[in-house]
Amino acid sequence: MIEAVGLTKRYGKTVAVDNLSFTVQPGRVTGFLGPNGAGKSTTMRMILGLDRPSAGQVLIGGKPYAQLDRPLRTVGALLDAKWVHPNRSARAHLQWLAKSNGLPDRRVDEVLDMVGLTKVAKRRAGGFSLGMSQRLGIAGALLGDPKVLLFDEPVNGLDPEGILWIRKFMQGLATEGRTVLVSSHLLSEMALTAQDLVVIGRGKLISQSSTTEFVERSTENTVRVRSPHADKLGAMLIDKGFTVREDSDGSLTVSGALSDEIGDIAAGSGVVLHELSPQRGSLEQAFMQLTGDSVEYHAELAETGK
Amino acid sequence: MIEATGLTKHYGKTVAVDDLSFSVQPGRVTGFLGPNGAGKSTTMRMILGLDSPTRGKVTVKGRDYRSLHDPLRVVGALLDAKWVHPNRSARAHLQWLAKSNRIPSRRVDEVLDIVGLTQVAKRRAGGFSLGMSQRLGIAGALLGDPEVLMFDEPVNGLDPEGILWIRQFMHRLADEGRTVFVSSHLLSEMAQTAQDLIVIGRGKLISQTSTEQFIKDATEDTVRVRSPQLDRLRELLAGRARIADAAASDGALVVHGVEPSFIGELAAANGITLHELSPQLGSLEEAFMQLTKESVEYHAAD
Amino acid sequence: MTLLAVERIKLFSTRSPWWCMLLALGLTVGLTAIIAANWDGSPMPVMGAVFTHTFGLYVIMVMAALAVTTEYRFGTIKSTFQAAPDRTSPMIAKAVVVVLLSALVGLAASFGSWGLSWLLADDTSQLALSSGNDWRHVAGVGLVFGAGALLALGIGALVRQTAGAVSIILVFALVLENVVGLIPNIGDDIQNWMPFLVAQKFILGDPDPSGIPDGAGPPAIGELSPWGSFAYFAGIALAIYIISLVVVKRRDA
């Protein structure tokens, strides 16, 4: 479990992280979202004791990182896949990491196998593609078999198979009861990966909730209905006070009603349904709704032509 | 429009691209997908005349790239956002590009504005974040107001707002009748962006079709059903021999192999109330994994 | 013409070419100033004012090599070829801009050195530019800088790496050409055809008899006349440059 209490970081006059409090639960994959410059990286660096908070604190299993005994056995992190000496082999890189925390050598081979790098273990890391570096970084995070894992943009540079692999991998780690915190800008990916979300903007907490709740709270839920008796059903739904919009393909989009209610009404008057699908907003829509004011660069959707 | 015919590239004994033929249509966003090492980058480099094909050819609007006059006015491309001299300002970078194809320098300010970099135009590009470099690369692609645009991993380094922006932007470019060709590994993103797909693996064409068709061909549609009389419905469905297994999950049935309308009619005829009847489409990711199984570079152990 | 403007923008929108040019100028003129101020006992000859041009030459060649290797290092070569896919025209434009600029720096360095010697030397009776040979000693530096830049561009385009190109140039000019002379029997004959030494003969060779102190012959090596020496040096530069054009055109970017 990770716990931030009043966490604050100033760089000169800039406040990167501003009185931030949140908790990350074990057994779940928690997404860490925010626009550029929101303070995500700074927060992750403070969790790992790389940066010192200006005020407040962040605890891992109740202790600050610096007080952990053999930290790699408690926390594994992948912040930047390029933090590897380019002339060192993948195995040598993992070996010194293992040694520094009193981990047995055989664990190096285990994690190399887990990430699929066994065959290239002896090649120098400088020649790795971004995807391979990413896997090496993940291997490093897993070395100490830690209870808490931190990932920053883990799918960066991975190909579709790698992306699917790391998603399942993180979910697997959470299922084993570990705490998994993942920061990413790829919302469509996070919607598939994260069960919980911590969302920040301009260094402040915007929301902490489950992903489902986050999306439901800030987007409108509608129900898409197709029926051979759409006119009749539409009229009945309007009578009940729901908003009904007819789409070009003849289907109805109903706002303000649960699909259960619509189903009951249809069944009550013998209307045949061909589709009755609750439409959920996307994580992206919800995110844009909530972080609208806190983005760094706004690009115009200006005319592209001359 | 981009057209490849029998395109082949060997590097020594390695065959990077192997007898590849496809065409990219104007007015659509076409996704270019494939596992690592499938030959996507090599193909894009050959389209731009940076690498020469060993055999076959690829043309842009019917012509070899190297024979285009003022090519930046025909094809705009972002292959690697880091292809900028780090000590040169964003504006100077665009200025020399503009100058080389007789593009007026006021266009430099226009594209800087389009991508939202006007405020940092005079800063050296080496100090840019990946997201800003990406925007600069996009500005470079737009300079010549080209009819054909190519992007390699355009959302790389962008934050959610930037990702949404570039997706809408690419749609708009296509709506204006331009040819937009985008390579990416982010399938959930591509599913929202690309109308057509060209999928390659080990240098060979695996599929060229619309995104919708691609998913339909490789995945099975299912229907999610909830009802207060679920057991009855289950019996009725099981009675029809053609119906595949129905697996329960959070109190819903997931039914394989029938249209939702069939279930709807069946329910109505038997007086069964439905609380949900949602067709579930397969994902681009499932379809992609299904079709490219054979051609991935590194397999991680599960 | 537009491609010349392109190369000009590229060169002047980063700082390293400025530094290189200033360094080439400062090194040549500065070292001459020290020599001129300490020139005792005899009138300072024109040649004495341009000895130091070799230092400037190496720096300007580094600048020229960088003008092409940084394009490879930072990937801008792809944008260059994307913008001008025939490849030869941007490479020629780059050569025109870099060579002209280098020649100008060479002229500024040699005339600067010569002018400063007027101010600093005790006896300037031999320093006037009174013959064609005197003019060659000074103005020739511009030509050598230009040709040297062309050679460096060719090497840079062939090697594509800054470190590689710079070491080839410096190791060849500073070490190899001198070590070659140590080979028994044939060493001297080979040395007579070493391009940088030959280029020095163009600048320093065949001074007017009045222009040299007795018994202090300049290190003018080679069997060619001064102008023949320049033709030889420039010919090598042009040959390497043309090879680089052919290779760049054929090679994958």
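1. Sequence separation of contacts in chain A. In this predicted model, 70% of the contacts in chain A between residues at least 6 apart in sequence join residues at least 24 apart. The secondary structure of chain A comprises 10 helices and 13 strands.

2. Extent and burial of chain A. Taken along the principal axes, the box filled by the C-alpha atoms of chain A is roughly 75 × 55 × 50 Å. Of the 306 residues in chain A, 47% are buried.

3. Pairing of the chains. Two pairs of chains touch, and the pair with the most contacts is that of chains A and B. Chain A and chain C, by contrast, are joined by no contact; the closest C-alpha atoms of chain A and chain C are 16 Å apart.

4. The contact of chain C with chain B. Here 23 residues of chain C contact 30 residues of chain B. On the side of chain C that touches chain B, helix H1 (2-12) and helix H4 (76-83) of chain C each contribute at least two residues. By class, the residues on that side of chain C are 10 nonpolar, eight polar and five charged.

5. Helices H6 and H10 of chain C. Helix H6 (residues 132-159) of chain C packs against helix H10 (residues 226-250) of chain C at an angle of about 25°, and their axes are 8 Å apart. H6(C) is therefore roughly parallel to H10(C), since angles under 35 degrees fall in that category. The crossing in which H6(C) passes H10(C) is left-handed. The contact of H6(C) with H10(C) consists of 20 nonpolar, two polar and one charged residues.

6. Helices H3 and H6 of chain C. H6(C) also packs with helix H3 (residues 53-73) of chain C, at an angle of about 35° and with the axes 8 Å apart. In this pair, H3(C) passes H6(C) in a right-handed crossing, whereas the crossing of H6(C) with H10(C) is left-handed.

7. Residues at the contact of H3(C) with H6(C). The contact of H3(C) with H6(C) holds 15 nonpolar and four polar residues, with no charged residue.

Notes. Residues are numbered from 1 along each chain as its sequence is written. Chains are lettered from A and ligands numbered from 1 in the order in which they are written. This is a predicted model: local features need pLDDT of at least 70, side-chain atom pairs count only at pLDDT 80 or more; totals for chains, interfaces and linings use all residues. Two residues are in contact if their C-beta atoms, placed from the backbone, lie within 7 Å. Helices (H or I, at least four residues) and strands (E, at least two) are DSSP runs, numbered from the N terminus. Ala, Val, Leu, Ile, Met, Phe, Trp, Tyr, Cys and Pro count as nonpolar, Asp, Glu, Lys and Arg as charged, and the others, Gly among them, as polar. Axes are lines fitted to C-alpha atoms, for helices over the stretch in contact, and angles run from 0 to 180 degrees between N-to-C directions. Angles under 35 degrees count as roughly parallel, over 145 as roughly antiparallel, 65 to 115 as roughly perpendicular and the rest as oblique. A crossing is left-handed if the near helix is turned anticlockwise from the far one by less than a right angle, and right-handed if clockwise. A residue is buried if 20 or more other C-beta atoms lie within 10 Å of its own, exposed if 12 or fewer, and partly exposed in between; C-beta atoms are placed from the backbone.
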